[in-house]
Amino acid sequence: MYFKKATPESVGISSDKVRELMEIYDKNGLCTHSILMAKGDKIFLESYYQPFSRDFKHRMYSVTKSFVAIAILFLVDEGKISLDDKFASFFEDDLTEHANDLLRETTIKDMLTMETSVHSGTSWFKAKHHNRVDSYFAKPSDKIPGTLFEYDSAGSYMLGVIVERVTGKPFIEYLREKFLDDIGFSKDAYCLKAPGGYSWGDSALMCTSEDLLKVARFVMNKGEWNGKQYIDKKLMEDATSPLVCNDNKAITAYNTCGYGYQIWMAPDGGFSFNGMGCQFAICHPKTDLVFVITSDNQGNDFSKNLIFYELYKTIIDNMGEPMEENEESYKKLCDYASSRKLFSLKEENDNPFIKEINNVKYKLEENPMNIDWISLSFDGKKGTFKYKNLQGEKELIFGIGYNEFGVFPQEGYSDMVGNEYCPGNYYKCACSADWAEEKKLRIKVQIIDKYFGQACFVFSFKDDRVYVSMEKTAEYFMMEYVGKTRGKIMEM
């Protein structure tokens, strides 16, 4: 086993500082799932927020792009492709009339550095192509390749397709052969598919937090593991260097330090793998630190800046030489780290207004959610949101001030293949509620499955009426739960 457990003090940071960082994240309402920290081969923090665990295969979202880039670089190292190869040459049978000179000029390197020929592509979610590859060529290219960084997620997917066409196997299996198996990457890790059969290589790697830690360490080691160099060192150095400027607004932020090969540069010579919702592996070579966090903070842009700023201020800026052990501080850290639970809304006081709306049914006016009626019932601190939509009568159980775990009642969302209806499939979820005001109930829904998402349902009551507001932040699902409407108590 490469990694071994250690105290923070043994690697040059106090247990109090590590606990302080966690408390800052928690007090600011981050929806954290896990945090790991390691210096060299020593893990000095490992914390999982229940119900998440060490073995949970977590959706890594755009962290997947960094894995695909590593696969591309292995192919380059083998001489099977070149960074100067034309991207379009791998898709001659897929090209349409939109394949103009800008597309044909684009190189593999341009794709890796997000300097592609695409300014605004076609959404594959909305296009509903049977093969996602087709959506990339649905519009003409409109940007000179190799000139300007613009995030092109679909371009990363296409790089994964190249890996799978050249090797004849899923990119994750190719990486297993090259180094993942040797570094102890989970045997049951996998990647969801996109329509057409290729891996969803820009968004859907499923692996553990420690798996991500190991790969981040491999990359920070420039492709070396236990004394063996697995890939050309210069390729890995380039991958983690600021090859292009990604600060098109001339601002200073955690994600404007430059961009390498599908890897973001970070302050003070660092770099990171970066996934939607705050999936991060942040590497700081000067202190030999790797920080991994998994979360679902979709819709909360503040969270990304907070994670980076506080990590640097609280941990990186205070790391030094090993210090004297502090058993009391270390115990406090261990107790705190082992007691973490998934974020929930908090409720401090009982609300007598519950009696007035308990089991009352409200008829809603025509609305974007296509919800016919709603009712709320309460049993102590446990509640049930009942409603009828186009799929029929539904129930969602929530806890007032704590999470109730169950399934989100909408049927048929995607499973192993993205953007494909899956009959009988339901997502696991956590639901908590609070009374934001005396007559205003909020329900927070957290989808915690192969897919992550957040929703907030607000019910505001006045006399015999209710006003309903539903918002969601999720990648092309829960669209049935977005909108506003009003309703009135139904005549019995």
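Student: Let's start with Lys222: is it buried or exposed, or something in between?

Tutor: Lys222 is partly exposed, with a relative accessible area of 30%. Buried means under 20% relative accessible area, exposed over 50%, and partly exposed in between, with a 1.4 Å probe and protein chains only. Keep in mind that this is a predicted model, where local features need pLDDT of at least 70 and side-chain atom pairs count only at pLDDT 80 or more, while totals for chains, interfaces and linings use all residues. Residues are numbered from 1 along each chain as its sequence is written, and side-chain values use heavy atoms, with hydrogens and water left out.

Student: Ok, and what's the phi of Lys222?

Tutor: Lys222 has a positive phi of about 60°, although it is not a glycine. Lys222 lies in the loop between α9 and β7 (224-225). Helices here are DSSP runs of H or I with at least four residues, strands are runs of E with at least two, and both are numbered from the N terminus.

Student: Which loop holds Asp463, and what's its phi?

Tutor: Asp463 is in the loop between β20 (452-462) and β21 (465-474). Its phi is positive too, about 45°, and Asp463 is not a glycine. Asp463 is exposed, at 54% relative accessible area.

Student: Which residues does the cis peptide bond join?

Tutor: Gln50 and Pro51, with omega about 15°. Pro51 sits in the loop between β3 (42-48) and β4 (58-59).

Student: Switching to helices. At what angle do α2 and α9 pack?

Tutor: About 45°, with the axes of α2 (residues 63-78) and α9 (residues 209-220) 12 Å apart. The axes are lines fitted to C-alpha atoms, for helices over the stretch in contact, and angles run from 0 to 180 degrees between N-to-C directions. That makes α2 oblique to α9. Under 35 degrees counts as roughly parallel, over 145 as roughly antiparallel, 65 to 115 as roughly perpendicular, and the rest as oblique.

Student: Which residues meet there?

Tutor: From α2 you have Val63, Phe67, Ile70 and Phe74, and they meet Leu212, Val215, Phe218 and Val219 in α9. Contact means heavy atoms within 4.5 Å. The residues of this contact divide into eight nonpolar, no polar and no charged. Ala, Val, Leu, Ile, Met, Phe, Trp, Tyr, Cys and Pro count as nonpolar, Asp, Glu, Lys and Arg as charged, and the others, Gly among them, as polar.

Student: And how far apart are the axes of α2 and α7?

Tutor: The axes are 9 Å apart, and α2 packs against α7 (residues 153-167) at about 40°. So α2 and α7 are oblique to each other. On the α2 side the contact includes Lys65, Val68 and Ala71, and on the α7 side Ser153, Leu159 and Gly160 are among the residues.

Student: What about the core: how many residues are in the largest nonpolar one?

Tutor: It has 120 residues, and Phe385, Phe457 and Phe459 have the most contacts inside it. A nonpolar core is a set of buried Ala, Val, Leu, Ile, Met, Phe, Trp, Tyr and Cys residues joined through side-chain atoms within 4.5 Å.

Student: Which element gives the most to this core?

Tutor: That's α2, with eleven residues.
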